[in-house]
Structures are given as structure tokens and as C-alpha cells.
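Take the chain below one region at a time. Keep the sequence beside the model as you read.

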Amino acid sequence: GAIGRTAVQQALYRTYKSRFESGLFDPPGSSPFLNASTASVGCEAHQAASLHAARQAIVLLRNDNKTLPFTPTKRLALIGRAVNDSSAYTGNYNGPLCADGTVRCWPSLCQYARAYLKTEVACHDDVDDLEGAVKAAKAAEQVVLVVDNALDGGGEGHDRLRIGLEAGQKVLAHAVLGVGVPCALVMINGGIIAIDELKDEAPAVVEAFMPGVHGAQAMTESLFGAVNPGGKLPVTIYHSSYIDSVDFLDMSMQAGPGRSYRFFDGEPLYPFGFGLSYTTFELDWTPAAPSTESGQSSRKESSTGSMADRSTGTPKTSITASAPQSRSTSLQSGAESAPRSRTSSSAPSAVFRSVGDTHDFYVNVTNTGGVFGD
């Protein structure tokens, strides 16, 4: 076949390695993962980890004229069907999150913002009430416009017929953005949302995904500058018309325009690995970038700007390594001659080290011809 036996064995090795490390093959009763007490459920350490993950995952996709961060003392309007619905932040692949089986014990964006900010916060969640939404936007000095796909196939176990924003929310977004008040468009989604022309219409765009029970806090902190967003997209975000050019019954990754960052040959709305920050970064290889096959080098990453000294804004750097030509030929498509790349932001062969108080980062990369994780 097209895939050699060695590649299959390597894939199986990686799959079973994680299972062994999780204790799934340990004798009954011996694995700590299978003997966790109820006291560990929702413990302080796990709550802190959940909040940390929510903060780190937020991706700033646009920030025209430094629209963000917003000013905590200016009048705010939160508009969108998810501003009062914390269940939209958690998805549906989870157990009971509150004693009553709902998510109501965790704050919505509206609830958290009203407690966090010392200013007037108006919340409007009726997508069909365009007049009310426009009125709220006009009365505010800054607007957070939230769109989501929690009810449109964004959860577990659903098939999606489209990737574009639901029609009612799209009409609402155009109406609110048309007011002209400084506005941040926040996407809450499981699976991508193709916002199409809203990409250029909204002065600021934030991807929050489904940030979990601490999502309201993480989003508020990021929008108002307490946290410096530094996440990078783990997916490619296509235009909504993408679904018309691919056959979802064809599992080929290279058919049509291709799928994922490795094979898509069109122009995405946002590419894999994209993400901005409130801080400006300068990147420089010293003495030079390593070759695509192997090498060692250092990269200096310096940060400047008003947010540069915030530990929550630590930049995330992706390390890309290409395997030798002989191991990647089967992954090539069309007339391409360069080997495909594999990317990892937490590879064991990459060493990240903070230097001094200037928040410089040196990245030492060693690629011996394999793929990160071998």
C-alpha cells in the first residue's frame, strides 16, 4: 500500500505508549488514575489548571488600531445569545458541572463582567431583537459582540451542514458593527466558525473556542488587559464556501483544495498557527535558522510594549521540523518538492528558557531526522 509497515508500527507505538503511561494496562487496582477519590474532583489545583488553560487558549486574531484591550471604566455592552449562557462555554462532552446538573453555578460572561468591572454593563442576548441590540450598542462606549455555534452543531456527537455563522447571528453582527462603536467580535465555538466578511468589518476579533467553566473570567480578563492573549490557532479557519469545494464523504486529505494546514492550497480566513498579542515581538535566529533536515540553532525572542512584563502574556512559539526527503515523499501533493512539516509547541527536543527580566527566549532545536515525540 501507500503507507509502509514501519510507519504503521510507529503510529501504533505512539498510540499504545500513551495508554501504557495512563495505566490502562496496569494490574487492577494498581493505577493511581483508576483510583482517584472524589475529593480530587474539582479540587483547587484542577480549578487553577482549568483557568490557566482557558487563559492560554484565547487567540487574538485582529486588533485594528489597538481596539483592545478595552478600558474597564467605560460603558460596556455585551451582545449575543451566549452572553448569559455559560453552557455555551463548556460544550456537551462532560459530566455534571453543578450540583443541580446544570452549569448555572458558573458565571456567564454577563455575570462575571458585571462583578469584575466598575462600570455600567448592558447585556443583550435576544438575537431576533435587532432594535434592542443596536440601542444597547449606541448607548455603550465599547461593545463585546459574541457569536457561537453551541446550537449549530458545535458540540460532541453532531454533524455540521455548514461552517459559516448562523444566519440570525450574522444579521445581528452586521447591525451591531454598523453602529461604529469600538467593538470586539468574540467567537465561542467547538469546530471553526467561518465569519467571512466580518473578519474585516470587526475592528477586533478574538477566538475563545469553548473555554470551559472559567471561560467568562478568562474572556473578561483578556478583553480588558488583565491577561495578554498569546494563543495560536491549532486549526485552519476556512471561508464558509469551503464546504462547496470538498466532498465530506471522501476521506482523502488531498482531494479538491485539500484539508488542514498540510494540504489546503487555498487562501484561509486565518491560517494554522496564527495569533496576535497586545505585545510586539521581534524574532531573530542566531546565527542562522537550522536546515529542514537537521541542525542546532538558537532563536532570540524579544518583547516590547505595555503588556511585555505580564507573565500571563508569555509568547507561544511553534517549532517546525521537516523529516528527511526519504521519509516524507508519500506526504507530498501535486508538484510540491519540499517535504511536509510537522509542528509542535511542546516538543521534547525543543528547550525554552526565560532569560533575565527582559523576557527574551532562546529556542534550541535539534532534529535528528525523526518527528517530534519519537
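Residues are numbered from 1 along each chain as its sequence is written, and side-chain values use heavy atoms, with hydrogens and water left out.

Start with confidence. pLDDT is the predictor's confidence in each residue, on a scale from 0 to 100. Its mean over the protein chain is 81. A value of 70 or more is reached by 75% of the residues. The model still gives each of them contacts (heavy atoms within 4.5 Å). Where pLDDT is low, the predicted coordinates should not be read in detail.

Now go inside. A nonpolar core here is a set of buried Ala, Val, Leu, Ile, Met, Phe, Trp, Tyr and Cys residues joined through side-chain atoms within 4.5 Å. Buried means under 20% relative accessible area, exposed means over 50%, and partly exposed lies in between (1.4 Å probe, protein chains only). Helices (H or I, at least four residues) and strands (E, at least two) are DSSP runs, numbered from the N terminus.

The largest core has 37 residues. Those with the most contacts inside it are I79, V143, L145, V176, I195 and Y270. Two or more residues each come from β1 (59-63), β2 (76-79), α4 (130-139), β4, α5 (167-177) and β5. Helix α5 gives the largest share, 4 residues. V143 shows how such a residue is surrounded. Leaving out residues up to four places away in sequence, V143 touches F70, L76, A77, I79, A137, V176, V181, P182, C183 and A184. Another core, of 31 residues, lies apart from the largest one. Among its members are L68, Y112, L117 and A216. In soluble globular proteins, nonpolar side chains tend to be buried together.

Just after the helix, G225 takes a positive phi of about 90 degrees.

Move to the charged pairs. A salt bridge is a side-chain nitrogen of Lys or Arg within 4 Å of a carboxyl oxygen of Asp or Glu. The whole structure holds 8 of them. In one, D64 meets R62, with the closest N and O atoms 3.6 Å apart. D64 is partly exposed at 33% relative accessible area, and R62 is partly exposed at 22%. In another, D100 pairs with R104 at 3.5 Å. Here D100 is partly exposed at 48%, whereas R104 is exposed at 63%. K199 and D200 form a further bridge, 3.7 Å from N to O. K199 is partly exposed at 22%, and D200 is exposed at 53%. Elsewhere, salt bridges that share partners join R81, D148 and D152 into one network.

The surface also carries nonpolar side chains. I3, V8, L12, Y16, F20, L24, F25, F33 and L34 form a patch with about 980 Å² of accessible area together. Patches are made of residues with over 30% relative accessible area and no salt bridge; nonpolar side chains (Val, Leu, Ile, Met, Phe, Trp, Tyr) are joined within 5 Å, and like charges within 9 Å. Accessible areas come from the Shrake-Rupley method with a 1.4 Å probe, and for residues only the protein chains shown count as cover. Y16 sits in helix α1 (residues 5-21). Its relative accessible area is 41%, so Y16 counts as partly exposed.

Finish with the backbone. Most residues other than glycine have a negative phi, and most peptide bonds are trans. The loop between β1 and β2 holds P69 and K66. The peptide bond from L68 to P69 is cis, with omega near 0 degrees. K66 has a positive phi near 55 degrees, and K66 is exposed at 73% relative accessible area. F209 also is not a glycine, and its phi is positive, about 55 degrees. F209 lies in the loop between β6 and α7.

Definitions and conventions
This is a predicted model: local features need pLDDT of at least 70, side-chain atom pairs count only at pLDDT 80 or more; totals for chains, interfaces and linings use all residues.
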